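Here is a short note for a colleague who is opening this structure for the first time. Please keep the sequence and the 3D view at hand while reading the points below.

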Amino acid sequence: MLEGKLQYTINEPVKEVIILDPENSGVVEPTIRHEVKPLGKVRFCIEVYQ
């Protein structure tokens, strides 16, 4: 997260909602179903590792 806030919802195995911002980043595991929702204006980048 570069600016703003993003709501990151993990849908399985247990639903969990996390608010990401410049001080709190997150890691998305490729096999976990999830959703993201911008909370106002946001700027972020996504890095993919293999």
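This is a predicted model: local features need pLDDT of at least 70, side-chain atom pairs count only at pLDDT 80 or more; totals for chains, interfaces and linings use all residues.

1. Is Asp21 buried or exposed, and which side chain of opposite charge is nearest? Asp21 is buried and yet has no salt bridge, since the nearest side chain of opposite charge, that of Lys5, is 5.0 Å away, whereas a salt bridge is counted within 4 Å.

2. The side chain of Asp21 does, however, have polar contacts with the backbone: it reaches the backbone nitrogen of Glu23 at 2.9 Å, and it also reaches the backbone nitrogen of Asn24 at 2.9 Å.

3. When residues up to four places away in sequence are not counted, Asp21 touches Met1, Gly4 and Lys5.

4. Turning to the sheet, the model has an open sheet of 3 strands in the order β2-β1-β3, with antiparallel pairing. Because β2 (16–20) and β3 (34–43) stand at the edges and each has a single partner strand, one side of each is left without a neighbour in the sheet. From one strand to the next, the twist averages 15°.

5. Strand β1, which covers residues 3–10, pairs with β2 in the antiparallel sense over 5 bridges. As a point to locate in the 3D view, which residue of β2 is the bridge partner of Gln7? The partner is Ile19.

Definitions and conventions:
Residues are numbered from 1 along each chain as its sequence is written. Side-chain values use heavy atoms; hydrogens and water are left out. Two strands pair if DSSP finds at least two bridges between them. Helices (H or I, at least four residues) and strands (E, at least two) are DSSP runs, numbered from the N terminus. Axes are lines fitted to C-alpha atoms, for helices over the stretch in contact, and angles run from 0 to 180 degrees between N-to-C directions. Buried means under 20% relative accessible area, exposed over 50%, partly exposed in between (1.4 Å probe, protein chains only). Lys and Arg count as positive and Asp and Glu as negative; His and the chain ends are not counted. A polar contact is a pair of N or O atoms within 3.5 Å; within protein, one must be able to donate a hydrogen and the other to accept it, and residues adjacent in sequence count only if both atoms are side-chain atoms. Contact means heavy atoms within 4.5 Å.
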